[in-house]
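Please keep the sequence and the model in view while reading.

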Amino acid sequence: MARLLLLFLPGLVAICAVCGIFMDKLASKKLCADDECVYTISLARAQEDYNAPDCRFINVKKGQQIYVYSKLVKENGAGEFWAGSVYGDDHEDEMGTVGYFPSSLVEEQHVYQEATKEVPTTDIDFFCE
């Protein structure tokens, strides 16, 4: 029995390493600065607080800076959401939390690159850990 458990243990660890849930897609396309959506599009500042309704979104405080990486293409009357990362007060030099937020929440302070590449979204874009 112990040998059997040892044979399955590596696979079990691999499964638990990717624990999470795939949530509903918010859009089928997004606008990015590059084909992989890794380059920062802009720096925005939150104009009000926002409490994330689920794990796809990020909590934002008024005045907080947000680095924007992609902008979802609005579909079927859905709200317009952008993807970005916020930086906490204590860890301004560290990578912040990444997720979606309403575009109406922010004012873009500086545009680094135009979001001209239309890229299809994938299930992993809406994966929650």
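Cys37 sits in the loop between strand 2 and strand 3; helices (H or I, at least four residues) and strands (E, at least two) are DSSP runs, numbered from the N terminus. Most residues other than glycine have a negative phi. Cys37 is not a glycine, yet its phi is positive, at about 60°. Cys37 counts as buried because its relative accessibility is 12%, where buried means under 20% relative accessible area, exposed over 50%, and partly exposed in between (1.4 Å probe, protein chains only).

The model is predicted, so that local features need pLDDT of at least 70 and side-chain atom pairs count only at pLDDT 80 or more, while totals for chains, interfaces and linings use all residues. Residues are numbered from 1 along each chain as its sequence is written, and side-chain values use heavy atoms, with hydrogens and water left out.

**Strands and their pairing**

In strand 5 (residues 81-86), six of six residues are buried. Phe81, Ala83 and Ser85 lie on one side of strand 5, and Trp82, Gly84 and Val86 on the other.

Two strands pair if DSSP finds at least two bridges between them.

| Strand pair | Bridges | Example partners |
|---|---|---|
| Strand 2 and strand 8 | four | Cys32 and Lys117 |
| Strand 2 and strand 4 | two | Leu31 and Lys71 |
| Strand 4 and strand 5 | five | Tyr67 and Ser85 |
| Strand 5 and strand 6 | six | Phe81 and Pro102 |

**The nonpolar core**

A nonpolar core is a set of buried Ala, Val, Leu, Ile, Met, Phe, Trp, Tyr and Cys residues joined through side-chain atoms within 4.5 Å. The largest one holds 20 residues, of which Val60, Ile66, Leu72, Tyr100, Phe101 and Val106 touch the most other members. Strand 3 (42-46), strand 4, strand 5 and strand 6 each supply at least two residues of this core. The largest share, four residues, comes from strand 5.

On a 1 Å grid over the protein atoms alone, a pocket is an open set of points where a 1.4 Å probe fits, with protein on both sides within 12 Å along at least five of seven lines; lining residues have an atom within 4 Å of a point. Grid points are joined across faces, edges and corners, and a volume is the space filled by probe spheres set on the points. The largest pocket contains about 380 Å³ of space. Its lining has 17 residues, and those closest to its centre are Val98, Gly99, Tyr100, Ile124 and Asp125. Strand 4, strand 6 and strand 9 are the elements that give two or more residues to this lining; strand 6 gives the most, with three.

Asp125 belongs to the loop between strand 8 (117-120) and strand 9 (127-128). Contact means heavy atoms within 4.5 Å. Leaving aside neighbours within four places in sequence, Asp125 is in contact with Lys30, Tyr100 and Pro120. A polar atom of the Asp125 side chain lies 2.7 Å from the backbone nitrogen of Thr122. Asp125 and Gly99 are 26 residues apart along the chain, and their C-alpha atoms are separated by 9.2 Å.

Note on methods
Polar contact = N/O pair within 3.5 Å; in protein donor to acceptor, adjacent residues only side chain to side chain.
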